[in-house]
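Welcome, and thank you for stopping by. Please take a moment with the sequence and the model below, and then let us walk through some of the places worth a look.

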Amino acid sequence: MWILRINMTDRTSKWEAVPERFRTLYGRALTSKIVAEEVPPLCHALGPNNKLVFSAGIVTSTPAPTSARISVGCKSPLTGGIKEANAGTSWGPDLASMRIRALIVEGLPQDTDKFWGTFIHWDKDAQKPVVEFFDASEYTGKDVYESYPMIYQRFEGRISIASIGNAGEYGYGNSGIVFNDQAKRPSRYAGRGGVGAVMASKRLKFIVLNEKGSPGVEIVDKALFDEGRKKMIDAIRTHPISKPKGGLNTYGTAVLVNILNEAGGLPTRNFSAGRFDGAPKTAGEAIFETNKERTGKEVYNHACSPGCIIQCSNTLFNPDKSERASCIEYESTWALGANLGVDDLDDIATMVHLCNAYGLDTIETGVTLGVAMEGGVIPFGDSKGAIQLIHEMGKGTPTGKMLGGGAEVAGKLLGVRRVPTVKGQAMPAYEPRAVKGIGITYATTTMGADHTAGYTICPEILGVSGKQDPLSPEGKAALSRAFQATTAFIDSSGHCLFIAFPILDIASGFEGFIQECNGVLGTNWSADDVVAYGAEVLKVERAFNEAAGIKAEADRLPEFMHLEPLPPHNQVFDVPDEALDSVFKEM
Amino acid sequence: MQVYVRLFATLRRFVPEAKIGVTLSLELPEGARVRDVMAHYRLPEDEVKLAYVNGIYQEPDFVLHDQDEIGLFPPVGGG
Ligand code: SF4
């Protein structure tokens with residue numbers, strides 16, 4: 001196994017052995033550790049001292065189910081703190097299969113006229129990957145739905161592609177890194193925190209992989225791994241949320257729209273209400289019914305990446321059966337729907353597709369547009385106006401460039417007081433005044449407002465892993481802490497976070513999950529050990545943020561959430577500061 | 001008394017008139033519980049995971065009041 005360094009200052013590459021201290025670090029644990037060790041916390045995120053680190057998870061590229069995640073780490077231009085964003089794609093397993101434990105992109109060239117691509121493939125004779133560079137300037141300014149087919153044509157065989165869209169090229173705080181899905185769509189995003197702009201700052205437009213002939217990952221204890229894998233598969237296949245034709249496979253993640261709406265926790269019109277009348281028209285059920293009507297058959301969802309047996313990724317079809325957008329996630333249909341007062345599913349799908357094409361994060365985009373609506377740029381409910389503004393972001397007009405800075409920047413430019421961000425990053429689709437635990441996660445995670453970092457929605461709304469009252473702050477700091485630590489481990493394992501639904505409810509599934517990891521690594525971890533592993537990841541990230549000037553005082557929600565009661569429950573965010581501070585103090 | 005019911009995701013299979021976004025109104029005797037709503041629509045109890053009454057999660061034996069709004073869900077998850 002190697003650490004591969006690509007230096008964009010002089011376009012050279014270097015192979016290093018994996019140091020002993022990284023022996024069990026993969027995925028988020030490794031990207032965060034390398035960023036913490038090698039990136040000066042006070043550097044400019046788009047400057048020569050920032051680094052962009054890719055690492056696949058512990059079981060990625062093995063036959064473990066639903067485990068093809070790739071983590072991307074750097075200092076974030078959006079939050080100024082550490083960032084890990086991950087995606088499900090064949091790119092992750094392909095990197096791991098070539099035994100590249102971490103790919104570190106560093107430096108940046110003097111000449112900023114050009115963009116470059118790099119092609120990494122397995123050399124059978126040398127029994128090692130080789131790195132080549134190519135001039136990618138001809139693809140500059142193209143959206144990723146234009147550039148991807150050109151790259152697929154340029155390289156032979158089965159390749160995987162990581163790239164950036166126009167948003168990254170413009171250096172937006174709102175810009176992701178996109179990876180291919182199983183149908184060669186450029187649609188799987190490590191979306192949050194401006195990681196696309198970091199890749200673009202290094203003038204790197206593509207990282208193309210071809211793992212053909214590579215040896216794959218080593219499994220130390222195959223019998224243990226197989227035992228764990230079987231338990232995981234059983235748990236996923238029997239749990240009603242994750243089983244075939246279950247909730248996720250039928251309705252996708254957008255199945256959550258209605259339940260959050262019923263619970264009064266669906267942020268509506270820039271976080272001014274917790275319920276939206278038009279919500280059902282934007283939900284997973286509506287996507288399923290619309291597809292049935294338009295294609296004449298029931299369309300179940302597909303896998304974003306190899307080996308996923310949950311298969312939650314949807315596509316919305318046009319009346320002529322062509323594809324309108326893939327994939328419409330809960331977060332996306334909310335950000336560009338209820339959050340904007342928009343209930344036209346086709347227009348939402350158009351916006352999702354445009355975000356994917358231009359390289360924008362759908363959450364940051366929707367929340368920015370919500371703030372722009374509040375600031376009077378266009379009225380709430382104006383979906384055509386919103387589509388136009390996304391085009392402006394993608395084309396880099398002066399207005400578009402300002403919106404590309406993200407929701408917090410837009411709020412400052414427009415004099416808006418109701419700006420739903422933490423540490424500069426836009427809030428996702430759960431209202432903290434109606435779901436207190438998730439508010440604690442938003443406030444305290446090292447990532448800036450992020451639901452995935454500690455998904456307390458499971459017990460607070462979904463009744464997964466017990467049932468807790470979402471409106472009560474009682475015990476929620478401990479809940480968020482436990483979820484954050486467990487998540488940091490799942491993000492390091494390479495599994496998609498959605499395995500949490502079955503393994504939190506089915507004990508043998510959780511056991512199998514740990515056995516898989518022990519099987520690959522030859523470790524002897526218990527459930528406590530993996531939580532401790534996750535907590536250690538968080539401490540590393542937290543220390544980076546503190547050194548970057550982001551201290552405990554930044555672990556707060558915006559003031560308006562303490563002042564404005566949110567209908568229908570008419571509650572404010574009433575979690576005391578001491579409870580927020582206890583999340584890390586007692587870790 | 002009169003209550004209002006919405007069914008979501010796979011639960012709509014059991015009740016043809018429960019179209020997307022449609023709220024059903026239902027006459028129930030005083031003292032009726034969430035469980036009685038499930039029985040009225042012949043929803044198998046193990047298919048109903050969550051009941052929200054006026055936006056608050058309630059157990060099946062929760063006693064309903066006139067004009068209550070009830071949302072029923074099978075197990076759902078996402079993110
Ligand atoms: S559950 Fe969904 S997001 Fe996760 S790996 Fe499978 S298809 Fe991708």
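Before we set off, please keep in mind that this is a predicted model.

Let us begin with helices. Two packed helices are described by the angle between their axes and by the distance between those axes. Take helix α12 of chain A, residues 362-374, and helix α15 of chain A, residues 407-414: their axes lie 8 Å apart, at an angle of about 15°. Because angles under 35 degrees count as roughly parallel, α12(A) is roughly parallel to α15(A). The crossing that α12(A) makes with α15(A) is right-handed. Which residues meet here? From α12(A) come E364(A), V367(A), T368(A), V371(A) and A372(A), and from α15(A) come A407(A), A410(A), G411(A) and L414(A). Sorted by class, the residues of this contact between α12(A) and α15(A) are 6 nonpolar, 2 polar and 1 charged.

Now move along chain A to another pair. Helix α16 spans residues 436-444 and helix α23 spans residues 577-585; their axes come within 10 Å and cross at roughly 65°. Here, too, the crossing of α16(A) and α23(A) is right-handed. On the α16(A) side, I440(A), A443(A) and T444(A) take part, and they meet L580(A), V583(A) and F584(A) of α23(A). The contact of α16(A) with α23(A) has 5 nonpolar residues, 1 polar residue and no charged ones.

Next, let us turn to empty space. Rolling a probe the size of a water molecule over the atoms shows where such space is left.

How many cavities of 30 Å³ or more does a search of the whole structure find? The search finds 2. The largest cavity has a volume of about 50 Å³. Its lining is made up of P280(A) together with R6(B), L7(B), F8(B), R12(B), A18(B), K19(B), I20(B), G21(B) and V22(B). By class, the lining of the largest cavity has 6 nonpolar, 1 polar and 3 charged residues.

The second largest cavity holds about 40 Å³ of space. Around the second largest cavity you will find K423(A), T444(A), T445(A), T446(A), R542(A), N545(A), I550(A), K551(A) and D555(A). The lining of the second largest cavity divides into 1 nonpolar, 4 polar and 4 charged residues.

Our last stop is the backbone. Where do we find cis peptide bonds? One runs from S326(A) to C327(A), with omega near 5°. C327(A) sits in the loop of chain A between β14 (323-325) and α10 (330-335). Another cis peptide bond joins P567(A) and P568(A), with omega about 5°. P568(A) belongs to the loop between α22 (560-563) and α23 of chain A. Finally, look at N270(A): its phi is near 50°, a positive value in a residue other than glycine.

Terms used. Residues numbered from 1 in each chain as written. Chains lettered and ligands numbered in written order. Predicted model: local features only at pLDDT ≥ 70, side-chain atom pairs only at ≥ 80, totals over all residues. Heavy atoms only, no water. Axes fitted to C-alpha atoms, helices over the stretch in contact; angles between N-to-C directions. Helix = DSSP H or I, 4+ residues; strand = E, 2+ residues; numbered from the N terminus. Parallel < 35°, antiparallel > 145°, perpendicular 65-115°, else oblique. Left-handed = near helix turned anticlockwise from the far one by under 90°. Contact = heavy atoms within 4.5 Å. Nonpolar A, V, L, I, M, F, W, Y, C, P; charged D, E, K, R; others polar. 1 Å grid on protein atoms, 1.4 Å probe; cavity = no way out; pocket = protein on both sides within 12 Å on 5 of 7 lines; lining within 4 Å. Points joined across faces, edges and corners; volume = space filled by probe spheres on them.
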